[in-house]
Amino acid sequence: MGTISSAFSLISGALDADQSALSVVSNNVANANTPGYTQEMPNWRENNPVSINGIQYGTGVSQTGATSVRDRILAERLNQQQQSAAASGTRLSALNAIQTLFTPDSGSTGSGAGDIGSDITGFFNSFSALEANPTNDALRQQVLSTATTLAGDISNAANMVNSQRAALDQEAAGVVAQVNALTAAIAQLNGQIQSTSPDKDAGVLEDQRQQDLSKLSQLIGINQITTENNGLSITTTSGQTLVSENSDSPMTTGLVNGVTHFFVGTVDITSDLSAGGGSLGGYLTARDQDIPQVLNSLDELAYGIATAVNTQNNAGTNLNGVGGTGVNPANPSLDIFNAPAAVAGSAVAMSVVMTDPNNIAAAGPAAGSGDNSNAVAMAGLGDSGIVNGGSPSNFFSNFVTMLGATVAQVQTENTAQNASVTQLQNQNNALSAVNLNDEAVAMQQLERSYQAASQVFAILNTIMASALNMGVQTAVS
Amino acid sequence: MLVNCGHRINPELRELVVEASLALARLDAERLEELALACRALNRDFAGMGGDGRGELRRQAHDASREMDIFGRVLNATRANLEVMNRVRERRRGGLEYPAWRSTGWAPWPLTEKCDGND
């Protein structure tokens, strides 16, 4: 090759490459406002050198196409954080709805769940009132009236919680159609990307796949495995395959013991999804963990009160001088509440079965109708450890406190996770989306922010720890 | 600006912690650096604070404890994000510095003869 023609080729190649690069830049600018579009950078390749009189000379560069500026490590981290944030956000919504039920004087639910605490007090106080005048009919009616209010509010609360569980079940089932649509789309994109790569960057197709992965991450917890030729396999967090390159395995649903379970093929992946993340993980955590705990507490409360009160009333003598089954097993039952057979289901089934107020056994065994010793014992149940070792009021108070603590904890998690997602999105935008910010500037901002925040945290933490623990030493040395 | 007006700390610690969390979430380095300076000043003020002031501080610390928990979690998440970004940057640096040699095995300036000026 002659020297002049080589030089000309070198110059014209450089001009061509510049022109191609300008096209890439103009494409970036044109797509600046396209959601999910990833900035493309021109690929430069050094041309093969030429040998002239035994000496090799470079022949410039050619532009071989464009590669989108994306990073899968960052994208995966963002997806993981979105999974966590979506799960805690969904769970938080469900917990907030339950907490609202148990808020006193909320006045919005009609369930009366918020009044259970005062119902308990009112019921046992009605026995205290009866102590003073055990034959008074109005006071006896008051006992049955407060019992009816208490049983009705506990039963309604349990029914409302069950309704919320059913609603969550439906919402969880509704997620499956979205998941299947996304996994099918990703499988199709995988096929297209694999037929394009590795010769060139799949550009827009990869953008679309990344957007679908982001949406999928907000629905369920997933793991991604990069395969040959830029393909992708997706599994649940426990490893159940949802997408294998260009084929997808749709999820199906079925009822197991009255609730929706989730399957891939014949494998039940419900518990995996619950722990995995995404909004489906949040729905399932609320449905299968939080709500059962709430219902169990209500069942324990109902079982404890009904069993202890019935037993005590059957140990006394009614206004007609008849003792209950505790006095003589052959006698008719003097149960006030529907007798629960087991703890489970006690709250929903709680009701007052006694209709005749004369059957309230205010008197002790074999005592006259004017006796109040059993009414005293009944009133004393309000302060006794009849519900899982605690008094009814304390048990309910602890339950509400624990529910509030759980809500606060999930709120804390959700706030922090959303903050992390915000950070990552900012970084991802600086790195991947079309704007004029440089990657180095974004990194510097992240590092500066972290360092400054670490200082703020360290100082505040020391001040607060000193104030809370000792109350004297406050200054950071 | 944080001012210790007698026994009153203005603004409340809780508001300070919330603002720090929000600033960290949006990576507002400038605001965080301002807050760091303010915290140092606050710390100096507390060193000479009397018993009433400490009691007030204890109350505010108690009120802010949950927000502090959130701030700690955001800080941990930021550390993890920073590690991810550092990995991304390192990988990119490696890719930028040695692309042609790595992909083709061809060195850009092969020395086919002695170039030390002594031949």
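The structure is a predicted model.

**The four-stranded sheet of chain A**

Strands β5, β6, β7 and β8 of chain A form an open sheet, in that order, and the pairing is antiparallel. Its edges are β5 (222–227) and β8 (247–248) of chain A, each of which pairs on one side only. Strand β7 of chain A, which covers residues 241–244, is joined to β8(A) by two bridges, and these two strands run antiparallel. Within this part of the sheet, V243(A) lies opposite D248(A), a residue of β8(A).

Strand β10 of chain A, made up of residues 259–264, is connected to β11(A) by two bridges, and the two run antiparallel. Here V264(A) has V267(A) in β11(A) as its bridge partner.

Two packed helices are described by the angle between their axes and the distance between the axes.

| Helix pair | Residues | Axes come within | Crossing angle |
|---|---|---|---|
| α4(A) and α7(A) | 137–196 and 278–314 | 10 Å | roughly 165° |
| α7(A) and α9(A) | 278–314 and 373–380 | 10 Å | roughly 170° |

For α4(A) and α7(A), the axes cross at roughly 165°. Angles over 145 degrees count as roughly antiparallel, and α4(A) is therefore roughly antiparallel to α7(A). The crossing in which α4(A) passes α7(A) is left-handed.

For α7(A) and α9(A), the axes cross at roughly 170°. This angle makes α7(A) roughly antiparallel to α9(A). On the α7(A) side, the residues that meet the partner helix are V309(A), Q312(A) and N313(A), while N374(A), A377(A) and M378(A) lie on the α9(A) side.

**A buried serine**

Where in chain A is S274(A) placed? S274(A) belongs to helix α6 of chain A, which spans residues 270–276. Buried residues have under 20% relative accessible area; S274(A), with a relative accessible area of 10%, is therefore buried. When its neighbours within four places in sequence are left aside, S274(A) is in contact with G281(A), L284(A), T285(A) and Q289(A).

**Chain B**

Chain B contains five helices and two strands. Along the sequence of chain B, these elements follow the pattern β-β-α-α-α-α-α. Chain B has 119 residues, of which 39% count as buried. Considering the contacts in chain B between residues at least 6 apart in sequence, 66% join residues at least 24 apart.

How values were computed
Residues numbered from 1 in each chain as written. Chains lettered and ligands numbered in written order. Predicted model: local features only at pLDDT ≥ 70, side-chain atom pairs only at ≥ 80, totals over all residues. Heavy atoms only, no water. Pairing = 2+ DSSP bridges. Buried < 20%, exposed > 50% of the residue type's maximum accessible area, 1.4 Å probe, protein only. Contact = heavy atoms within 4.5 Å. Axes fitted to C-alpha atoms, helices over the stretch in contact; angles between N-to-C directions. Parallel < 35°, antiparallel > 145°, perpendicular 65-115°, else oblique. Left-handed = near helix turned anticlockwise from the far one by under 90°.
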